[in-house]
Amino acid sequence: MITRYKTVATLTAAVFGMMAYSPAFALEVAQAQQTQPMQGQPDSSGGAVSDQKIEAFAVAYLQVDKVRQEYSAKIEATADETAKDKLKTEASQQMVQAVEASQGISVEEYTSILTAAQNDPALAKKVQEKIQSSAPAQAPAQQ
């Protein structure tokens, strides 16, 4: 249970760290902003990530990004800190649900790939390319 909480917290921190950016730049921003190492995640090296997992990650990432965009606007429009905290908690739950609803990837795998991409420029490039090819029509609409 503690591992799940840590995974959710890391996923939430990484995604909210990318709030103002489009998916095309999100991993680059995450590399600069995410300084906490993932403890207890032995498979965070990019060499072990299959193309199928990268594709599943890209699909899940796009769903998480939709949640991020929706809640980012709500959070920015809210002045009350208590309400903002409630929205952030709700957003993190929705992000986890988005990953869990994705085929072929768990929340732990998603977080592991995100972490690995932050530490491995070659993997980050592969992930960015897959995200861009998975959502070519969405790219112009991103802010």
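Residues are numbered from 1 along each chain as its sequence is written, and side-chain values use heavy atoms, with hydrogens and water left out. In this predicted model, local features need a pLDDT of at least 70 and side-chain atom pairs count only at pLDDT 80 or more, whereas totals for chains, interfaces and linings use all residues.

The protein contains six helices and zero strands, with helices (H or I, at least four residues) and strands (E, at least two) taken as DSSP runs numbered from the N terminus. Along the sequence the pattern is α-α-α-α-α-α. Of the 143 residues, 44% count as buried, where buried means under 20% relative accessible area, exposed over 50% and partly exposed in between (1.4 Å probe, protein chains only). Among contacts (heavy atoms within 4.5 Å) between residues at least 6 apart in sequence, 79% join residues at least 24 apart.

The mean pLDDT, the predictor's confidence in each residue from 0 to 100, is 74 for the protein, and 61% of the residues reach 70 or more. Over residues 1-5 the pLDDT stays under 50, and the model has two contacts for them beyond four places in sequence. Residues 16-46 also have pLDDT below 50, yet this stretch has 64 contacts in the model beyond near neighbours in sequence. Where pLDDT is low, the predicted coordinates should not be read in detail.

Two aromatic pairs are found in the whole structure; rings of Phe, Tyr and Trp (its six-membered ring) pair if their centres lie within 6.5 Å, and planes under 30 degrees apart count as stacked, over 60 as edge-to-face and the rest as tilted. The ring centres of Phe 57 and Tyr 61 are 6.0 Å apart and the planes lie at 25 degrees, so this pair is stacked. Phe 57 and Tyr 61 are four residues apart in helix α3 (residues 51-76), a separation of about one helical turn. Phe 57 is buried, with a relative accessible area of 0%, and Tyr 61 is buried at 3%. Ring pairs link Phe 57, Tyr 61 and Tyr 110 into a cluster.

Tyr 110 is one of the buried residues of α5. Helix α5 (residues 107-119) has 13 residues and reaches 19 Å from its first C-alpha to its last, close to the 18 Å expected at 1.5 Å a residue; the expected span is 1.5 Å times one less than the number of residues. Because 10 of its 13 residues are buried, α5 is largely enclosed by the rest of the structure.

Helix α3 also holds Asp 65, which counts as buried at 4% relative accessibility. The side chain of Asp 65 makes a polar contact with that of Arg 68 at 2.6 Å, a polar contact being a pair of N or O atoms within 3.5 Å; within protein, one must be able to donate a hydrogen and the other to accept it, and residues adjacent in sequence count only if both atoms are side-chain atoms.

Helix α4 (residues 81-101) has 21 residues that should span 30 Å, and its end C-alpha atoms are 30 Å apart, in agreement. Its buried residues include Lys 84, Leu 87 and Met 95. Lys 84 touches Ile 75, Thr 78 and Ala 79, residues up to four places away in sequence not being counted. A polar atom of the Lys 84 side chain lies 3.3 Å from the backbone oxygen of Thr 78.
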